[in-house]
Amino acid sequence: MSRIVGIDLGTTNCCVAVVDGGKPRVIPNKHGYSTTPSVVAVTEAGQRIVGQIAVRQAVTNPEHTVQGAKRLMGRPFDSEEAQHAAAHASYRVIAGPNGDVRIVLHDKEHSVPELSAMFLQEMRVVAEDFTQERVDRAVVTVPAYFNDNQRQAVRDAGAIAGLEVVRILNEPTAAALAYGFGRAEPKTLAVYDLGGGTFDISIVRIDEEGEFHVVSTTGDSFLGGEDFDERLMDFLMKAFYRDNAIDLRTSPIALQRVRQAAQKAKAELSSVEQTDVSLPFVIATPETGPLHLEYTITREMLERLTADLVTRTLQICELGLSYAQLAPEHVDEVILVGGMTRMPAVQRAVEEFFGRPPCKGVHADEVVALGAALAAHAIEEERDTGLHDVTAHSLGIMTAGGRFDALIPAMEPVPTKVEELFTTSRDGQAALKVVVLQGQSEWAAENTPLGRFALTNLRPGPAGTVRVRVTFTIDEDGMFSVGAKDLDTGEEKVIDVLASSGLSDDEIERMMADSAEYLAHRRAEESKEDSRQACSRLIAKLEGVLPEAEKKMAWTPVGATAVEKAKKAVTAVKTGLDEADADALTKQHALLLRVEQMIERALEKAS
Ligand code: AMP
């Protein structure tokens, strides 16, 4: 069986880890970094680029560069969050055929899972290059507060990337697992996870046996570093408008530059008290000529601009503790996860709230992937992961008057299932319609619809006599499924839950094919480049030894012919090297190897 890797599919960065020699370790990408930016771009020539190189070209190609796609995972187009993104993003966000979100890059529409699949595929390549094995199975982490639609979108992303997602693991739970590795004592942990796009707080109890019990988990899947960036961007653009009466939002390139500058300033202000934001030639108009943006931002200003966001995380912490029925002093250790927790104001607030300094020695960017790798390794070895998680949302159905009837309450340990009996309310009723939702409100309309299904072909009978037992299940991945049985006929009902948004099977298959084709093409290009480089090395080596060989051998007719042949071969390969295709490169490499051997043998004889 192939290895299973752990992947942290973050809003801002992705990270892949594997257990190696009994210890989890992060696999660096080919640039030597442990994380890869979750940024993808399509160039004018239609080429896909991912990661650091995509970040570098973002300023000149803002309309076709996507960052923060995870925030749109599993969201319908008409949701508040998707509308916010449509208004603020530098790329075009439109409605998809299933009411989902599509992003347009050079006239091609991409679904959000398709874009996330590109990051998963990138992580797959990083892992394959390191392990030198095929990687097609992964444990992928998600924010604990992700609902079923969002988890399904991650599953779809895995399928598109050609990865079997063997487990979807909550990010804070993964972090707790990595924290607990090699630490044996029982403890109550609070995992405060503020990433680029989402916030989670989980209270986790590690027991005497080293098992991990999530006691409560809650969060906000639209609260993270990007909101901090936006505050700073707004501030800079308002200041610029005040000074120049020009709205920078009208220029995608200027907007992108301000975004990157705000992100950079925010991160810098975690270690220095003030920083200069300087964007020369940020915009030019016929009236004003080129204008420069130059402002000094202090840490105190940033803290003032974002204070309410930090307070909001603390309110959610309070809720998490109340779900766990604990007070802050019951928490033995606070673990900070996510890049945003490097902000001093966040650290101060968390320390004040819990009355203790957060744990040092946990790497905020890597801990989630490390935990995912540990879980992956346990699954690989068919061991129990020792994890006992809970569902962050109540699962229920819509009942009369638009009310929400919670069948599985939030904080229920998963996996779990519940049975509900449905009866007909009218004589001769042939179908029952059920709407499944997830959320905390008592009103169905305020919760997230997961889908609707119909129990059809019911045996006609008087009202109340036809009874169908419906089973709602939440599995270890936090995902729900539903099954039904007609109690009178004993017949199992096949239920098709129509997802409210998302991808159809056909679409996923098409995207899988595209993705597999991309990977095959990329691998072929890489292998071609490897052959080309191997040829270049051999050419350089032969060019180094041929003058000596000529001196020693050219005085015999046989030697002269050999040297002449070698020179010709080297020149011929060198001239056609840039244009050669894969087959030609393989042949040329073999030819150069033969020439090398021939010259080495001749030199040996001559000496
Ligand atoms: P993550 O999703 O965990 O990779 O978190 C990324 C978020 O952390 C982004 O919003 C980054 O801008 C932010 N971040 C990274 N480094 C720092 C830092 N030194 N100070 C403040 N925020 C940071």
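Which domains does the domain assignment of the protein give, and which residues of the largest nonpolar core have the most contacts inside it?

A: The model is a predicted one. Its domain assignment gives domain 1 (3–224 + 307–389), domain 2 (225–306), domain 3 (391–495) and domain 4 (505–606). Between the centres of domain 2 and domain 3, taken over C-alpha atoms, the separation is 50 Å. The C-alpha trace of the protein spans about 110 × 70 × 55 Å along its principal axes, and its secondary structure comprises 13 helices and 28 strands.

Of its 607 residues, 54% count as buried. Among contacts with a separation of 6 or more, 66% are accounted for by residues 24 or more positions apart. The protein exposes about 27700 Å², and carbon and sulfur atoms supply 51% of that area. As for charge, there are 64 positive and 92 negative charges, and their mean positions lie 5 Å apart.

The part requested is the largest nonpolar core, which has 51 residues. Those with the most contacts inside this core are Tyr-192, Phe-240, Leu-248, Leu-293 and Phe-354. Helix α8 (residues 299–324) gives the most to the core, contributing nine residues. The core draws at least three residues from each of domain 1 (3–224 + 307–389) and domain 2 (225–306). In soluble globular proteins, nonpolar side chains tend to be buried together.

Not counting residues up to four places away in sequence, Phe-354 touches Ala-190, Ile-201, Cys-317, Leu-321, Pro-328, Val-331 and Val-334.

From helix α8 the account moves to the loop between α8 and β18 (333–337), where Gln-325 is found. The phi of Gln-325 is near 55°, a positive value in a residue other than glycine. Most residues other than glycine have a negative phi, and most peptide bonds are trans. Gln-325 counts as exposed because its relative accessibility is 71%, above the 50% cut-off.

Gln-132 also has a positive phi, of about 60°, although it is not a glycine. Gln-132 is placed in the loop between α3 (112–131) and β11 (137–142). With a relative accessibility of 67%, Gln-132 is therefore classed as exposed.

A further backbone feature concerns the peptide bond from Val-414 to Pro-415, which is cis, with omega near 0°. Pro-415 lies in the loop between β21 (403–408) and β22 (416–423).

Thr-12 sits in the loop between β1 (4–9) and β2 (13–20). Its relative accessible area is 40%, so Thr-12 is partly exposed. Leaving aside neighbours within four places in sequence, Thr-12 is in contact with Thr-36, Pro-37, Ser-38 and Gly-196. Thr-12 and Asp-578 are 566 residues apart in sequence, and 36 Å apart in space from C-alpha to C-alpha.

Methods. Residues numbered from 1 in each chain as written. Predicted model: local features only at pLDDT ≥ 70, side-chain atom pairs only at ≥ 80, totals over all residues. Heavy atoms only, no water. Helix = DSSP H or I, 4+ residues; strand = E, 2+ residues; numbered from the N terminus. Buried < 20%, exposed > 50% of the residue type's maximum accessible area, 1.4 Å probe, protein only. Contact = heavy atoms within 4.5 Å. Areas by Shrake-Rupley, 256 points an atom, 1.4 Å probe, with all protein chains shown as cover. Lys, Arg positive; Asp, Glu negative; His and termini not counted. Charge placed at Lys NZ, Arg CZ, Asp CG, Glu CD. Core = buried A, V, L, I, M, F, W, Y, C linked by side-chain atoms within 4.5 Å. Domains from an automatic or database assignment.
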